[in-house]
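Hello,

Here is the structure I said I would pass on. Please look through it first; my notes follow below.

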Amino acid sequence: MLVLMFGWEFPPVVSGGLGTACYGITKALTGLGNPVLFVMPRIELSHPFPLLTLISASDILNAASERKGPFAQDSLLPPSLLSAPLILRPYLNTRQSGGERQGPLDWPAESYLAAGEGYGVDLFAEVRRYGEAGGLIAAREAFDVIHGHDWMTVPACLAARQASGKPFILHIHSLEYDRSGEEINEGIFDLERLGMEGADKIIAVSHYTKKMIVSRYGIAPEKIFVVYNAMSHREAGETYRTRRAGDDKVVLFMGRITFQKGPDYFIDAAARVLKEMPEVTFIMAGSGDMMPRMIERVAELKIGKRVHFTGFLQGSQVEEAMVLADLYVMPSVSEPFGLAPLEAMMYDVPVIISRQSGVSEVLMHALKVDFWDVDDMANKMIAVLKYPPLAGELVERAREELKNLRWEKAAQKILEVYNSDSKSEMISRRQGRGDAGVLSIRRGVADDANEDSALILNRNKV
Amino acid sequence: MPAVCLYFQVHQPCRLKKYTAFDIGRDHDYEDREENRRLLEKVAERCYLPANALLLNLIRKYEGRFRVAFSISGVLLDQLTVHRPDVLKSFQCLGETGCVEFLNETYYHSLSFLFSKDEFRAQVGRHRRKVKELFGQDGKTFRFTELIYNNDLAREAENLGYEVILAEGAEALLGDRSPNRVYRASGNEGGFGDGAGGRNGAGDGRGDDTEKEAGTGAGRIKVLLRNYRLSDDISFRFSSRDWREYPLTAEKYAHWIHGENGAGTVINLFMDYETFGEHQWAETGIFPFLEKLPGEILKHRDFVFATPAEIARAVEPVGSIDAPELSSWADTERDLTAWQGNSLQQDAAGILYGLEEDVKACKDSDLLDSWRKLQTSDHFYYMCTKWFADGDVHKYFNPYPSPYDAYINYMNILDDLSRQVKKEKRS
């Protein structure tokens, strides 16, 4: 099976889970003997592997003859997308949050696609240009199936489908509703729905996400297949933990400080914990549009001495924070999958995760809370810190659990989706339970991508 | 004359209410009264009342030829006394027929024997008195929580004056021998190097002792071993459509029983009473099955029904059971891992029993009662992480979303109790 895959990023440049997931999926698909043509807006510093061909959309467009008139695939797109340009980042709640410094987890400040070509940072325009490249690539490459990741790739996938007539599978890693709650961006929502309606099949990263696709976008459930994310197996079960001196306990939040991640619930729970255990330290690692409000909230609650904001952490800082932590909390309001808890588990840190997450469907050996139930969250935080056997049991069982979350399994399921004729849900709930996966995020730490022997086949430059 | 021994375990725990870290030191009431009441009502209507009525009819119909045994935990007897005296009355009516034996166990359905012999004896004594008070029977038969068994326990039961003890018909105890015989507990003194116990004055042996013994003093107490295949055919497999033998009829089942014919044969069918109407719903046909079963079994002239004490009196043992290790009737492992298999369970039990001395020194009956109710084995069962991911039978019986939630709740309560005890001790 030859796959034409449209993504937005690829390690080492990642803005969150998507790039890492794309890496895990392509690595496993090619490992099973399926060549992948992976199209990105622009290629920088990527290290492919056998059977993977990276294609740069911007190179294609630069090489193409001068473009005249509207984008070729604009007729496929909703009007909301073609109206006034909107400047945003695909996974950040921040709409134009000027001034704030963003690290690699966040969307790069400069445009990938159109740097220096006068398109500025209008993401919709970039998405449309990427879409145009999609049509061009599809016309000249041979492949069996089109696989696109999230809304940014929808115009490209639709154009490729029109040019080739090959089936289009849309892989949903996160939805506008996850990122923004009820205050959605209409343009993105329309594009998501357009993609879902135009796709032959949809892959959702969890049943949680599948349900949202059905209820919010009105898509028939028969068309949606659940394939859980996974993690690079090599890393699973490795122990980084070293005991710190001192008894002060540390609770860690790591992620974007945005609506979606529920930082406010974390802080309210922290205040409750501190009433019972005044010596606990809480670390909020990350940045985002809610950070100023969170700092105010901490001051209001008079717990500033015990709650530390580190800003965005990278590389070895992440590892240091993990090693320091006695507990990791992911209080997300809406998390299609949620890979960060798995990384914490790899560091032998017990985790509390929100039930409003896809990862809670695959993790049994994690404590689970409803994000709004601050009392329960605080109660569980206290329990982990106070009853050592609890952390011990969670960590020990989690090690076994992590071993079963493999990209190979995810890739096999993806191949089943490619090959399925009928629009029937092949991946039953039962199958989805134990053997699904999660992906690991690597923020600059040495990983497979950096170690693999590079086989760069950038066709545009050949 | 082959005998069929039917014994039903009747138990409902006092489930704990949701108790967070913020309740510690503020709320000393641990029970979820509403939920316990709701479940008691449910199981009374679905199981206890209809099954008791059915058994009473059967006993009358067969005029003494149909006999059964019950062990009703003290915690359930207390709940019935308060909330459902009618159900208690129906058990008493069964007792009055003279065809029903009531067994003794630990009052709180606890694991106490594993942690404190004193506490164990206190609970057994209390249960014995309660059974005598309610049913007018002085216990002859002992069964420990979840059919947990080993040599030490048999010796202890013998010292307490019991004539027979029940155990799981596990391969670990039987080897390739049949569970369908009467055995006697091995004395086992000095055999395994733990040096515990001594002879306890029980070892005058038996005249017909031809067994090869590891130790010298074989006990007098007899052991009845559960035929787990035949028992589980009813309690687990009855309504399973995947089962080769589905649907199970009384005729077919009686035919299997009759296949075990032979002198000295005793077929021990031990199961939870809640099998009837609760684990196996009425819709599965479990009641008509039970109604027809005695008649089908008694069709064969050789077969009789007998209670454990009756069997102990009438049937000579054919060998001895040596059980240095603990066994139980739970899961396929038939060991104690369902209650003490992980560090959460061991931690919780360790802390609970560590309080014994202080709790008892307080001489506060409320504190003592709270402490004892926390001993009920179900609380530990809820913390079991074994097979948690498979969503098996453990999940069905677990009121908590996960074993971790069960542990957290329990430990919070235990923390509050510890603080109360400490406070009391100081004053």
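Strand 4, helix 5 and strand 5 of chain A form a right-handed β-α-β unit. Right-handed is meant as follows: with the strands pointing away from the viewer, the path from the first strand over the helix to the second runs clockwise. Helices (H or I, at least four residues) and strands (E, at least two) are DSSP runs, numbered from the N terminus.

This is a predicted model, in which local features need pLDDT of at least 70 and side-chain atom pairs count only at pLDDT 80 or more, while totals for chains, interfaces and linings use all residues. Residues are numbered from 1 along each chain as its sequence is written, and chains are lettered from A and ligands numbered from 1 in the order in which they are written.

Strand 5 of chain A covers residues 168–172, and five of its five residues are buried. A residue is buried if 20 or more other C-beta atoms lie within 10 Å of its own, exposed if 12 or fewer, and partly exposed in between, with C-beta atoms placed from the backbone. F168(A), L170(A) and I172(A) are on one side of strand 5, and I169(A) and H171(A) are on the other.

Strand 5 of chain A has parallel neighbours. Four bridges join strand 5 to strand 4 (residues 145–149) of chain A, where H147(A) stands opposite I169(A). Four bridges also link strand 5 to strand 6 (residues 201–204) of chain A, and there L170(A) has I202(A) as its bridge partner. Two strands count as paired if DSSP finds at least two bridges between them.

Next, the contact between the chains. Chain A contributes 16 residues and chain B 14 residues; residues are in contact if their C-beta atoms, placed from the backbone, lie within 7 Å. On the side of chain A, helix 14 supplies the largest share, six residues.

Chain B is divided into domain 1 (3–321) and domain 2 (337–426), with bounds from an automatic or database domain assignment. Between them, 24 residues of domain 1 are in contact with 21 residues of domain 2.

Some backbone details remain. The peptide bond from Y246(B) to P247(B) is cis, with omega near -5°, and P247(B) lies in the loop between helix 7 and helix 8 of chain B. K302(A) is not a glycine but has a positive phi of about 60°; K302(A) is exposed. L147(B), also not a glycine, has a positive phi of about 60°, and L147(B) is buried, with 23 C-beta neighbours inside 10 Å.

Regards

How values were computed
Two residues are in contact if their C-beta atoms, placed from the backbone, lie within 7 Å.
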